[in-house]
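Reader: I'm new to reading protein models. Could you walk me through one?

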Amino acid sequence: MDDYIKDIIFKNNCDRYEELVELNSDIQKLSIKKRPYLIEFLGSARSGKSTTIELIADVFRKNGLKVSVVDEETVKLTKTINENRNQKMQVNSLDYTNNVIEEKVVLYDSYNEFDADIVIFDRGINDEFIWLYTFGASSEKLEEYHNKLKDRYVDTLILLTCDIEVSLKRKYFNSLSVLPNKWTNPETLSKYLEGLKKVSNYFENHAVSKCYIDSTQEEKIKIAIQVCRQIIEDISAKQ
């Protein structure tokens, strides 16, 4: 089977095969001394966060590591609002963000109880700094949130961004709906990307390592490899 994968599946892409063999080998050598290792993904809509999380969680698991993924809908408020479009369209965005923050802080504090080598948060608590800015929160509110987090550190923070038009094409070209979206629209995406730059100083205080990637013109698999390499490097630095 190994020969079939190498000689048939990767016949015209031998370099990719060798790259993946090396990647898997490096994962097998990892030793996580302080469990769990905490990774957070944040970034603009349709920038590839969920796909990348799925790919790296899969390869880590297949190489013997326990991985827990905390997706957005683990937050009960988010799950509830996503079940009712009318309710979602009418919600006050800033109030919603403040309520999500309260739930995420509690959720974040429980991650040490996970029986896992790695915990991955899809849109964790650092992402809320950007949403607060996006929806017009005061600088005092941002500082209040910063102080609330105190020493809640993420080991590796992955920030994925994407061109706004590309982001919306990815959304609507992979959907049967053409209805407007409350937060995935040109105005909100533009404000979010502006906010990411404006509040990035907070990430310095809440993440040990950071990795910025513009996914606009990148293949999904290449993004996942780059992220995986960053995580391997960060974990290895702690061994």
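Predicted model: local features only at pLDDT ≥ 70, side-chain atom pairs only at ≥ 80, totals over all residues.

Reader: How many nonpolar, polar and charged residues are in the lining of the second largest pocket?

Author: Residues are numbered from 1 along each chain as its sequence is written, and side-chain values use heavy atoms, leaving out hydrogens and water. Now the general idea: rolling a probe the size of a water molecule over the atoms shows where empty space is left. Here, the lining of the second largest pocket has 10 nonpolar, one polar and two charged residues. Ala, Val, Leu, Ile, Met, Phe, Trp, Tyr, Cys and Pro count as nonpolar, Asp, Glu, Lys and Arg as charged, and the others, Gly among them, as polar.

Reader: Which helix gives the largest share of the lining of the second largest pocket?

Author: That is α3, with five residues. Helices are DSSP runs (H or I, at least four residues), numbered from the N terminus.

Reader: And what classes line the largest pocket?

Author: There we find 14 nonpolar, 15 polar and 18 charged residues. The largest share, four residues, comes from α6.

Reader: Which residues of α7 meet α10?

Author: Contact means heavy atoms within 4.5 Å. In α7, Asp127, Ile130, Trp131, Tyr133 and Thr134 meet α10 residues, including Thr188 and Lys191. The residues of this contact divide into five nonpolar, three polar and four charged.

Note on methods:
Helix = DSSP H or I, 4+ residues; strand = E, 2+ residues; numbered from the N terminus.
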